[in-house]
Each structure stands twice: as C-alpha cells, then as structure tokens.
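Here's a quick briefing for anyone opening this structure for the first time. Have a look at the picture below, then read on.

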Amino acid sequence: MSPVDASIVVVGAGPAGLAAAHALAQRGERRILVLDRDDAPGGLPRFCHHAGFGWEFTHRLETGPRFARRLLAALDPEAVTVIPRTTVLAVHPGPEVEILGAELGHQRLRPRAVVLATGIRERPRSARLVPGRRPERGVLTTGQLQQFVARGVAVGGRRAVVVGTEHVAFSVLFTARRAGLAVVAMIGAEDRVMSYAGAAWAARLVGVPIHLDSSIEDIEGDARVEAVIVRGPGGPRRIACDTVVFCGDFIPDAPLVAASGIALDRGTAGPIVDQFGRTSAPGVFAAGNLLRAVESSGRAAIEGARVGGNVGAYLGGRLGWDASATPIGVGSGLAYAMPQRWAAPGGSGEALAICLGALVDMPQARLCVRAEGATRWMGAPTRILRKRRLTLPPAALAAVAGARAAEISVEGA
Ligand SMILES: Cc1cc2nc3c(=O)[nH]c(=O)nc-3n(C[C@H](O)[C@H](O)[C@H](O)COP(=O)(O)OP(=O)(O)OC[C@H]3O[C@@H](n4cnc5c(N)ncnc54)[C@H](O)[C@@H]3O)c2cc1C
C-alpha cells in the first residue's frame, strides 16, 4: 500500500497504536498505516528488558521486547502497514496528516480517520529545576538509561543514585545491573514510597537505602557526576556516585497535539477526549499514555484496542461526531479526570476507563460526581493514594450525559 492511499493513519507504534491497528483490521478495515518516528516499531516496551509487560492485555508476564513482538506479529500484513523512521509533524483539519520520513520524505496524507498514540516522555533534569553543576556525563532519565542498555551503548559509570520511588524507579534496579551500575541510593520527594510496599521491601533487601522526604540540592562534578548532596529530614548528606537517574515525572508526549491545534487539558497535559477517545478535531481519536501519564503497557493496549474499535464504528457510520458532550471538571482532591467530556451514549462505541489523578493521600475518602448543583453519584469509602491508579465506574458518569457540566471530586469519608 502506498502511504497516500491510507484510509486510517495511526501515529505511534507502541502498545496503544499497535492494538488500535489490530482492532481496526479485525473489524474489516484495510489500508491502515502505522507511523513511528523511531527506527523500529514497539514503543517504550522495546527498550525495557525486565518482565512485567502486557499482563492486563495478554494475561502473560513478558519482557517489553517480547510483548512488542507479540503485538506486531498479531497484525495482518494485508491490512496494516507499519513504517518506522517517520515523524508526524501535524494533523490539519480534514484530517490531513503531514509527515516527514526517512524513506517517505515530506508528504501530506488524507485518511478518513487518525489515531494519535504518541505515549509519554520523562521530564529531564532541566525541567525539574534541580540545582547544581552541569556535568558533561552521568545525568540520565530512565528512558535514556533503558535505551543505552537496549542499544548496547556503554553508560560508563559504577555507582548510581536513582531519583524517584514510582514503579519505574524500581525497574531501574534491573536495568542498572545490566549497565554494570550498582544503585547506591534512591531519593523520594514524598513521605512514602510511591510504588508498592513490596518494591521498597525488595530494594532494601538488596541493600539499596531509600531516602524519603528528600531532594537533590546539588550535583557535583564537571566531566562526570562525582556526588549528589541530598537534603532530607536528617539534614544534608553527600552521596558519592558517578550517575544520577531521574525517574518518573512523566507527561504525555503532546507536541503533535499542540502543533495540530487540538484542545489540550491542563490537568493531564494530553488531548481532551470524550469516553470514545474522540478529540476536539473531527476524525481524530487518541489513545494510550498520551491521554494521561501513566498507565501500564497492558492497559495502554486495552485502551488502543477500544479506541480502534470506536474508529471502526465511526467509519462504519455507527458512531457519530458529538460536539455536545458534557464537560467533566475536577474539584477538591483531584488533578485531572480523563475523559474530560462525556457524550450521550448513542451508537456502538465502547467507553474508555475513567482515570483520575489524586492530589493527596486520603486513608478514607469517597469519589463524588456532581452536576447542576446535585450529587449524582457517591462511591463507597476507599483509600486514595497519589500516583496510584484511580478509576471511576462508567455508571457514575452515565447519569451526567446531557448536563451542562459535571464535576468529580474527592470527599473525606
Ligand atoms: C522505564 C519504564 C519502565 C516501564 N515498565 C513497565 C512495566 O514493567 N510494565 C508495564 O506494563 N509498563 C511499563 N512501563 C510503561 C509502558 O512502557 C507504557 O505503558 C506503554 O509503553 C504505553 O504505550 P503507548 O503506546 O501509549 O506509548 P509508547 O510505548 O510510548 O509509544 C509511543 C510511540 O509513539 C511514537 N511517537 C511519538 N511522537 C511521534 C510522532 N510525532 N510521530 C511518529 N511517532 C511518534 C514514539 O516513537 C513511540 O514509539 C514502563 C515505562 C518506562 C518508561
């Protein structure tokens, strides 16, 4: 298939994009084009050699590359063409997709629908306002470390400090070992480990101290990192190291969304979508971690498959383009809600899970949905934790369809 003949363009060949393409092919769509700026498809999992990918989607615990290969192998080559080394520069109204590719050059494609699945990126040190010197080598993000290891590039150090205590920070313990690095400390800004207690237990078991309520006050070294000064409850402490890995602090990789004039949400920093993955641009859908940072690879694939199905319904005339959806705002205790719009059901679309970002830890709290001055739904008391998965049952929002606006909040129980 020539790219100009594409009926559907999927941007991003990670779990969400590949699962969307698969779902579309299963619904009988052909001429599906998946583009990725990287030199091979597979998205982030391609670089993560630890086990734990795809569970929710395949019910297998696989390494990242194996999960990526499984998703690729499932694609019908008669229906789906995957082209790496091609960056999508903008999606113009139409939709019209502007691309720049190693083989394809600069072109404009005119598909009937587009799926944006460009994932997340980590904020580097500069964006985190970490003070200290700027050594030439030794300051990395998790993603850079993973890529170096996956591509066989020498990291060069011996002793690493990991900044962050989210799930991915603990995956660095595995990756660091493959890079020949010993992790000498983990630094967490919060008063608790943001991942599960078991992860913290395992880290301490292998002799990695975790400093909570702490932050990096200074980085020493010119040619390479020599030490970090950590400010914590016991005062400043100097930790000798040659590598600092900044983990987590993910944001949706949304420059393409912004360049395309598609409405962005301040809470998630990703595109505003309704429960079917429809963005503000007719014919343009979005799925996966681009919608909010950050879900597991299996959940990103589930979301991609759902949105792929919804695109199929849209192209088949079974799902319209509803501009009158109810806007969903957030009140106390929440940073964001995704989807940000709730359309009247109608048609045959399948709703995305409703994901919420908690601002505070609360041992006993209730999720609450309000519309037009009335409480429409109140959840059972539950424990709410920051940076942990928090969802709302679709039934909680079904009652707000048609309202002028609705708000989700966390109420103390
Ligand atoms: C260090 C680390 C460890 C992780 N560990 C686990 C784990 O153990 N288990 C787990 O389930 N999940 C894990 N994850 C999360 C998992 O990787 C993500 O949930 C998953 O990759 C999200 O899939 P996605 O398709 O939304 O995005 P991605 O996998 O990020 O794919 C997005 C793709 O879009 C492409 N792209 C972006 N912009 C453009 C553009 N303009 N044009 C063309 N292509 C573009 C990118 O090149 C990329 O290939 C980890 C993530 C990280 C960073």
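Ile 328 stands opposite Ala 406, which sits in strand 29. Strand 29 (residues 406-412) pairs with strand 21 in the parallel sense, over three bridges; strands pair if DSSP finds at least two bridges between them. Helices (H or I, at least four residues) and strands (E, at least two) are DSSP runs, numbered from the N terminus.

Some ground rules before the rest. This is a predicted model, where local features need pLDDT of at least 70, side-chain atom pairs count only at pLDDT 80 or more, and totals for chains, interfaces and linings use all residues. Residues are numbered from 1 along each chain as its sequence is written.

**Strands**
- Strand 21 (residues 326-330) also pairs with strand 23 (residues 341-342), in the antiparallel sense and over two bridges.
- Thr 326 has Trp 342 as its bridge partner in strand 23.
- Elsewhere, five strands make an open sheet with parallel pairing, in the order 11-18-12-13-14.
- Its edge strands are strand 11 (139-141) and strand 14 (210-211), each pairing on one side only.
- Strand 13 (residues 182-187) runs parallel to strand 14 and is joined to it by two bridges.
- Met 186 finds its bridge partner in strand 14, namely Ile 210.

**Domains**
- The chain is assigned domain 1 (1-122 + 250-317), domain 2 (125-248) and domain 3 (325-413), with bounds from an automatic or database domain assignment.
- The centres of domain 2 and domain 3, taken over C-alpha atoms, are 35 Å apart.

**Cores**
- A nonpolar core is a set of buried Ala, Val, Leu, Ile, Met, Phe, Trp, Tyr and Cys residues joined through C-beta atoms within 7 Å.
- Buried means that 20 or more other C-beta atoms lie within 10 Å of a residue's own; exposed means 12 or fewer, and partly exposed is in between, with C-beta atoms placed from the backbone.
- The largest core here has 85 residues, and Ala 20 and Val 115 have the most contacts inside it.
- Helix 1 (residues 15-26) supplies the largest share of this core, eight residues.
- Domain 1 and domain 3 each give this core at least three residues.
- Another core lies apart from it and has 34 residues, including Val 168 and Met 194.
- Beyond its neighbours within four places in sequence, Ala 20 is in contact with residues including Val 10, Val 115 and Gly 304; contact means C-beta atoms, placed from the backbone, within 7 Å.

**Helices**
- Helix 1 and helix 8 (residues 297-315) have axes that come within 7 Å and cross at roughly 35°. Axes are lines fitted to C-alpha atoms, for helices over the stretch in contact, and angles run from 0 to 180 degrees between N-to-C directions.
- Helix 4 (residues 142-151) lies across strand 11 and strand 18 (243-246), at about 90° to strand 11.
- Helix 5 (residues 167-178) has buried residues, among them Val 168, Phe 170 and Leu 173.
- The cover over those buried residues of helix 5 includes helix 4, strand 12 (159-163) and helix 6 (197-205).

**One tryptophan**
- Where is Trp 55 found? Trp 55 is in helix 2 (residues 55-58).
- Trp 55 counts as partly exposed because it has 16 C-beta neighbours inside 10 Å.
- Setting aside neighbours within four places in sequence, Trp 55 is in contact with Leu 61 and Gly 298.

Methods:
Contact = placed C-beta atoms within 7 Å.
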